[in-house]
Amino acid sequence: MKVPSGCTFHQSTHKGHIEIPFKVHEHAEKFRDWKVKGSRLVKMEGEYYIHVTFRKIFEAKDPEGVLGIDVNERSIDLAVVKPEKVKFIKVDISEAKYIRDRYFKKRRSIQSNTSGSKRARLLSKYSGREKRRINAILHKASKIISEIVNEEKVIPVMERLINIREKIRYGRVMNRRLHSIPFRKVQEYISYKSMEYGFEREFVKAKNTSKKCPICGEINKPNGHVFKCKKCGFQADRHIVAAWNIAVKLPMCRPLPLAAKAFNEPLIIEVRGKG
Ligand SMILES: [Zn+2]
């Protein structure tokens, strides 16, 4: 929670306490009826913030299956794996990438056309705006995913993130792209929103999740957006394959034998910043 400007900090009341009115951010609205566990004042980039920790206990529910979640720049791909069914969903977050690319150009133009305090002011203004717009999309996407967790009664399973960084060894251009979506944040949002429904997330190792053929088990070299198995000829969307591989890594997951055609048509959900 940001301390609003215009507060009268110098004003002291009896016993040295001051009262500061504050606005609750829309994403934090629901915490109003949670218990306050503690709070502290922190200074970040010259501004004061109050960090408040809220607490609420949720009852864990019995899962009926597993949800493999593969987080990418343009989509979050899901594999619902239950004893009686398998379903694939692609949550399209490409608008976040589009926003990121646009603001990247804007920043570059500010850097070459302005200087001094004007440059600093503009850069900070646009960076704040960019973060808020991307965050809104990621919150929306995470909400959709946690609702799927609740409806399907599945354990969300994601890749342990350290491996994502190790896995990708590209140059500077790729590095910028890699950071265009804050993967850790997306995982955190999905985790806590799912926990509110009674399903606690699990992490699995990322090893081979984008390389293993779901039909024959062959380890292939990743090559473009389409996964192609050199041994059995199976083809499907690379991220959907990864979501499946992430789901079945959880020991409790006992998938049905999978028909190759089951992979062909994921349900697509588009996430837009506005509306
Ligand atoms: Zn294969």
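Four donors are counted as tetrahedral if all angles lie between 85 and 135 degrees, donors being N, O and S atoms within 2.8 Å of the metal (3.2 Å for Na, K and Ca), with water not among the atoms, so that sites may look incomplete. The model examined here is predicted, with local features requiring pLDDT of at least 70 and side-chain atom pairs counting only at pLDDT 80 or more, whereas totals for chains, interfaces and linings use all residues. Residues are numbered from 1 along each chain as its sequence is written, and side-chain values use heavy atoms, hydrogens and water being left out.

The zinc ion has as its protein donors the SG atoms of Cys213, Cys216, Cys229 and Cys232, lying 2.3 Å from the ion, and its site is tetrahedral, with angles of 104 to 115° among the four donor atoms. Along the chain these donors follow the spacing C-x2-C-x12-C-x2-C. Because Cys213 lies in the loop between strand 7 (202-204) and strand 8 (226-228), and Cys232 in the loop between strand 8 and strand 9 (235-237), the pair ties together parts that are 19 residues apart in sequence; strands are DSSP runs (E, at least two residues), numbered from the N terminus. Cys213 is buried, with a relative accessible area of 2%, while Cys232 is partly exposed at 39% (buried, under 20%; exposed, over 50%; partly exposed, in between; 1.4 Å probe, protein chains only).

In strand 3 (residues 65-71), seven of seven residues are buried. Strand 3 pairs with strand 4 (residues 75-82) in the antiparallel sense over six bridges, pairing requiring at least two DSSP bridges, and the two form a hairpin with three residues between them. Strand 3 runs parallel to strand 6 (residues 154-159), to which four bridges join it.

How values were computed: Tetrahedral: all angles 85-135°; square planar, octahedral: opposite > 155°, others 65-115°.
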